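Here is a short report on one protein model.

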Amino acid sequence: MRLYGYYRSSTSYRLRIALELKGLDYENVPVNLLEAAQKDAAFTSRNPFGSVPMLEADGRDRAQSMALIEWLDEAYPDRPLLPKDIEERYTARELAYAIATELHAPLNLPVLKYLKEEYGKSQGEIGEWYRHWLARTLVPVEKRLEQLDTGDFLFDAPGLFETVLIPQLYNARRFDYDLSQSPRMIRIEAACLALEEFQRAHPDNQNDNPQRDYP
């Protein structure tokens, strides 16, 4: 498997987590979003969405992170990311898709660049935009976790929800979002980041992170 992605892309990050939790070997192939490498003709000829992540597996190039995660769970059923119980599967999807569908569109890099270049918004104003949309979704997610009385994970072990939550919290911290009112999410984040799978998937440990030191 080859995973084409960018170290700080939340969608690439969630795919790395999923692959690690599934125990699957893969090669990380950097695609520099700051240089718009995902829009190059060579890349879009394989992935017409011009986005990351793209997973090369079983002779096919696959795009769209949420579809990819569910494909991985079906193609490689060991270490499932979704629980067996239908109601628990629904809950995991409810929370994961709330984050993936409500937050990715207004907060991804092309939108932030558009706000700056076309509307002349300052970095401070862009930060306000980012935090506004985060709150619109993360506040109700936290309330749902409270209703469910969650512990270290949504269920017994990290799965679909955690693969989506952890990258979003990473980005939330980058944009100075106040997580002090999100104790359930913070607890889940801490439990996940203590695991080797999440540590290997973390942006700090990727080969295209310019701040990473190499021997």
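In which helix is Trp 133 found? Trp 133 is found in helix H6.

This is a predicted model, in which local features need pLDDT of at least 70 and side-chain atom pairs count only at pLDDT 80 or more, while totals for chains, interfaces and linings use all residues. Residues are numbered from 1 along each chain as its sequence is written, and side-chain values use heavy atoms, with hydrogens and water left out.

## Around Trp 133

Helices (H or I, at least four residues) and strands (E, at least two) are DSSP runs, numbered from the N terminus. Trp 133 counts as partly exposed, because its relative accessibility is 25%. On this scale buried means under 20% relative accessible area, exposed means over 50%, and partly exposed lies in between (1.4 Å probe, protein chains only). Leaving aside neighbours within four places in sequence, Trp 133 is in contact with Leu 103, Pro 106 and Leu 107. Contact means heavy atoms within 4.5 Å.

## Helices H4 and H6

Two packed helices are described by the angle between their axes and the distance between the axes. For helix H4 (residues 86–107) and helix H6 (residues 123–148), the axes come within 9 Å and cross at roughly 175 degrees. That makes H4 roughly antiparallel to H6. Angles under 35 degrees count as roughly parallel, over 145 as roughly antiparallel, 65 to 115 as roughly perpendicular and the rest as oblique. Axes are lines fitted to C-alpha atoms, for helices over the stretch in contact, and angles run from 0 to 180 degrees between N-to-C directions.

The contact draws on residues of H4 including Leu 95, Ile 99, Leu 103 and Leu 107. H6 contributes, among them, Tyr 130, Trp 133, Leu 134 and Val 141. By class, the contact has 14 nonpolar, 2 polar and 3 charged residues. Here Ala, Val, Leu, Ile, Met, Phe, Trp, Tyr, Cys and Pro count as nonpolar, Asp, Glu, Lys and Arg as charged, and the others, Gly among them, as polar.

## Aromatic pairs

Rings of Phe, Tyr and Trp (its six-membered ring) pair if their centres lie within 6.5 Å; planes under 30 degrees apart count as stacked, over 60 as edge-to-face and the rest as tilted. By this rule there are 7 aromatic pairs. Two of these are tabulated.

| Pair | Centre distance | Plane angle | Class |
|---|---|---|---|
| Trp 71 and Tyr 76 | 6.1 Å | 85 degrees | edge-to-face |
| Tyr 130 and Phe 175 | 3.8 Å | 0 degrees | stacked |

The Tyr 130 and Phe 175 pair links distant parts of the chain, 45 residues apart. Tyr 130 is in helix H6, and Phe 175 is in the loop between helix H7 (160–174) and helix H8 (183–193). Tyr 130 counts as buried, because its relative accessibility is 2%. Phe 175 is buried too. Not counting residues up to four places away in sequence, Tyr 130 touches Leu 107, Leu 112, Gln 168, Asn 171 and Phe 175. In the other pair, Trp 71 is buried at 19% relative accessible area, whereas Tyr 76 is partly exposed at 25%.

## Glu 189

Is Glu 189 buried or exposed? Glu 189 is buried, with a relative accessible area of 7%. Glu 189 is found in helix H8. With residues up to four places away in sequence not counted, Glu 189 touches Ile 166, Leu 169 and Arg 173.

## The sheet

An open, mixed sheet is formed by 4 strands in the order E2-E1-E3-E4. Strand E2 (27–30) and strand E4 (60–63) stand at the edges with a single partner strand each, so one side of each lacks a neighbour in the sheet. The twist averages 25 degrees from one strand to the next. Two strands pair if DSSP finds at least two bridges between them. Strand E3 (residues 54–57) and E4 pair in the antiparallel sense over 4 bridges. Met 54 stands opposite Ala 63 in E4. Helix H1 (residues 10–22) packs on the sheet and touches strand E1 (2–5), E2 and E3. The direction of H1 makes about 155 degrees with that of E1.

## Backbone details

The peptide bond from Val 52 to Pro 53 is cis, with omega near 5 degrees. Pro 53 is found in the loop between helix H2 (41–44) and E3. Asp 58 is not a glycine, yet has a positive phi of about 55 degrees. Asp 58 lies in the loop between E3 and E4 and is exposed, at 59% relative accessible area. Arg 79, in the loop between helix H3 (65–75) and H4, has a positive phi near 55 degrees.
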